[in-house]
Amino acid sequence: MGNKKHVVSFSGGMGSFAEAKICVDKYGKDNVLLLFADTKMEDEDLYRFMFETVAFLDCDLMILTDGRTPFEVFKDVKYMGNSRIDPCSKLLKREPLIKWFTQTYKPEEAEMHLGIDFSEHHRLTGVQERMIPYVYRSTLVEEGKIIPKDYSEQFGIKRPRLYDWKLGHNNCGGFCVKAGLGHYKALYEANPDRYKEFEVKEAEVYATIGKQYPFLKKQIKGERRFITLKEYREEFLETNTVTPDEAIEFGGCGCAI
Ligand code: SF4
């Protein structure tokens, strides 16, 4: 058997860039493969970032795709994802990534690396336990590293533009059913057309499944209300009535874990 393969779950985010760079430095480019699950609604700049990364590291890349977008998944399963239940990441990321990895390698042949840095180390333990006998790890966590969002720029690779839009991740073109109001405020300010595209797609899901249950939550007069992206834009973003608390409510993603 040859050298062990180090497969990096590449999300398009800076953590996965840093993990890939460290793996190439430690284990050699021939032993590193980037594994990317494409949700078919990625930001166009993600592909620029990914292909520049692959050219820079000179390692292999494997792209998996189901062919559907998260919105198409929501229509198929007749359920709009939310911060607790996420059929989009289950069907388009977690399951295909695990399936490909475990069908391609035996546990002793490869390790899976996740682009989680030390600031999120708590997210690693669960997946490590679930995936035994496979090894899931992060050198960033092992070495206590925290990665800034512009880390790639010292190597001449511009960071993904979704970070310039003040979004916390580079997934799904700036959409996420787990994101909070602050995320969508930032998206609206950076790219209102992209925001409105998501509004339309959200409405199409409700029209298909015949029921409206939005993933965004907002406290209004002490009560929690679920609101659509369109309602949030019309009632709060366009009227400049976003509260300071919700402006910093970004929510988590971590959808490939
Ligand atoms: S980023 Fe959000 S919307 Fe996209 S697949 Fe992951 S959980 Fe679903």
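**Entry 1**

I began with Val-7, which stands opposite Leu-33 in S2. The model is a predicted one, in which local features need pLDDT of at least 70 and side-chain atom pairs count only at pLDDT 80 or more, while totals for chains, interfaces and linings use all residues. Residues are numbered from 1 along each chain as its sequence is written, and side-chain values use heavy atoms, with hydrogens and water left out.

I then looked up the pairing of strand S1 (residues 5-9) with S2, which is parallel and has four bridges. Strands (E, at least two residues) and helices (H or I, at least four) are DSSP runs numbered from the N terminus. Two strands pair if DSSP finds at least two bridges between them. Strand S3 (residues 60-65) also runs parallel to S2, joined by six bridges. In that pairing I found Asp-38 opposite Thr-65 in S3.

**Entry 2: burial of S2**

How many residues of strand S2 (residues 32-38) are buried? I noted seven of seven, where buried means under 20% relative accessible area, exposed over 50% and partly exposed in between (1.4 Å probe, protein chains only). Val-32, Leu-34, Phe-36 and Asp-38 point one way from S2, and Leu-33, Leu-35 and Ala-37 point the other way.

**Entry 3: the sheet and its helices**

I traced an open sheet of five strands, in the order S3-S2-S1-S4-S5, with parallel pairing. S3 and strand S5 (135-137) stand at the edges with a single partner strand each, so one side of each has no neighbour in the sheet. From one strand to the next, the twist averages 25 degrees; axes are lines fitted to C-alpha atoms, for helices over the stretch in contact, and angles run from 0 to 180 degrees between N-to-C directions.

Strand S4 (residues 110-114) pairs with S5 in the parallel sense over three bridges, and Met-112 stands opposite Tyr-136 in S5. H1 packs on the sheet and touches S1, S2, S4 and S5, contact meaning heavy atoms within 4.5 Å. The direction of H1 makes about 170 degrees with that of S1. H2 also packs on the sheet, where it touches S2 and S3; its direction makes about 170 degrees with that of S2.

I checked the connections next. S1, helix H1 (residues 14-27) and S2 make a right-handed β-α-β unit, and S2, helix H2 (residues 44-57) and S3 make a right-handed β-α-β unit. Right-handed here means that, with the strands pointing away from the viewer, the path from the first strand over the helix to the second runs clockwise.

**Entry 4: helix H10 and its neighbours**

I looked up helix H8 (residues 181-190) against helix H10 (residues 229-237): their axes come within 11 Å and cross at roughly 75 degrees. H8 and H10 are therefore roughly perpendicular. Angles of 65 to 115 degrees count as roughly perpendicular, under 35 as roughly parallel, over 145 as roughly antiparallel and the rest as oblique. Among the residues in this contact are Tyr-184 in H8 and Tyr-232 in H10.

The axes of helix H9 (residues 192-209) and H10 come within 8 Å and cross at roughly 135 degrees, which makes H9 oblique to H10.

**Entry 5: Thr-228**

Where is Thr-228 found? I located Thr-228 in the loop between strand S7 (223-227) and H10. Thr-228 counts as buried because its relative accessibility is 7%. Leaving aside residues up to four places away in sequence, Thr-228 touches Glu-202, Tyr-206, Gln-212 and Pro-214.
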